[in-house]
Each structure stands twice: as structure tokens, then as C-alpha cells.
Amino acid sequence: MNTEMYQTPMEVAVYQLHNFSISFFSSLLGGDVVSVKLDNSASGASVVAIDNKIEQAMDLVKNHLMYAVREEVEVLKEQIRELVEKNSQLERENTLLKTLASPEQLEKFQSRLIPEEPAPESPQVPEAPGGSAV
């Protein structure tokens, strides 16, 4: 058996299976093995065809995954943009509320943020002027 021309175990296995099939059917039919073995290059071609199909399938999966990842990245970028805008809006609102609050309100608020005693079991939300939480 000449397997030097095949590089992968898959090619060798296909070659061996092909030769076994030829020998088996040839013995059943009483035909000439040599004339049937001329189709030996077809098994190599079938291995190449199978390799090509596998490569195409892998390329298809890779392309699909890349598309899905790019789509997800775009969604995440948009969420980041929205969060940055919301953060900027809240910072402006916080600055405005601090400028509108009286010094007494700011002092009261700061004392609630930095407790001098251990924190109570149920923390209270500090309220800003107008009844909204800051």
C-alpha cells in the first residue's frame, strides 16, 4: 500500500477504505481490480472535497459569529452613549440643586452622607428641596 502521497490520517483512512471496497466488490463480481483502482484519485478528490466543505462551513460559522459580535458591539456602544448622556444630565442637575440649596440644607445633607455614628439598620434616603431625593 502506498500511503506516502497522503498527508492526513483522514486521507489514509479513506484510501484504505476505498481499496478494501474495491477488493471486496471486485472479488464478488470477479472483475479486474486494476481497472477499478484507476478511480483511486477520486478518493483523494473526495477527501479534498470534504476538506473544502469543512473549510466552507467553518468560514460560514466564523462570518456569522463576527456579524453577531459586531452587532452586539454596536448595541453596547449605543448603551454607553445613552449612559454617558444620562450621567452628564444627572451631574448638571446635581450641580444645579447644590447651587439652589441653602447652606443649612447642604450641611444637613452632608451630615446624612457621612454618618458620625454607625449606620442605622434601615438607611433613610435624604430629601432635597421640593421633596425629591438627590
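Helices here are DSSP runs of H or I with at least four residues, numbered from the N terminus. Arg81 and Glu78 are three residues apart in helix α3, so about one helical turn separates them. The model in which they sit is a predicted one.

**The salt bridge**

The side chains of Arg81 and Glu78 meet in a salt bridge, with an N to O distance of 2.5 Å. The count of salt bridges comes to one. Arg81 has a relative accessible area of 44% and is therefore partly exposed. Glu78 counts as partly exposed too, because its relative accessibility is 35%. Partly exposed covers the range between buried, under 20%, and exposed, over 50%.

| Residue | Relative accessibility | Class |
|---|---|---|
| Met58 | 55% | exposed |
| Arg81 | 44% | partly exposed |
| Glu78 | 35% | partly exposed |

**Helix α3 and its surface**

Helix α3 spans residues 40–100, and Met58 has its place there. Met58 counts as exposed because its relative accessibility is 55%. Together with Ile50 and Ile54, Met58 forms a nonpolar patch on the surface. The accessible area of Ile50, Ile54 and Met58 together is about 290 Å².

An unreviewed UniProt entry annotates residues 66–100 as "coiled-coil region". In the model, the span of residues 66–100 is 100% helix and 0% strand. The C-alpha atoms at the ends of residues 66–100 lie 51 Å apart.

**The protein as a whole**

The protein contains four helices and zero strands. Along the sequence, the pattern reads α-α-α-α. The protein has 134 residues, and 11% of them count as buried. Its accessible surface is about 11400 Å², with 61% of that belonging to carbon and sulfur atoms. Among the contacts in the protein with a separation of 6 or more, 32% are made by residues 24 or more positions apart.

**Confidence**

Mean pLDDT for the protein is 74, and 53% of the residues reach 70 or more. Of the elements of the protein, α3 has the highest mean pLDDT, at 90. The lowest mean pLDDT, 42, belongs to helix α2, which is made of residues 33–37. Over residues 32–40, pLDDT stays under 50. For residues 32–40 the model has 10 contacts beyond four places in sequence.

Conventions: Residues numbered from 1 in each chain as written. Predicted model: local features only at pLDDT ≥ 70, side-chain atom pairs only at ≥ 80, totals over all residues. Heavy atoms only, no water. Patch = residues over 30% accessible without salt bridge, like charges linked within 9 Å, V, L, I, M, F, W, Y side chains within 5 Å. Areas by Shrake-Rupley, 256 points an atom, 1.4 Å probe, with all protein chains shown as cover. Salt bridge = Lys/Arg side-chain N within 4 Å of Asp/Glu carboxyl O. Helix = DSSP H or I, 4+ residues; strand = E, 2+ residues; numbered from the N terminus. Buried < 20%, exposed > 50% of the residue type's maximum accessible area, 1.4 Å probe, protein only. UniProt positions renumbered as here; feature names shortened; annotations may be inferred. Contact = heavy atoms within 4.5 Å. pLDDT = per-residue confidence, 0-100.
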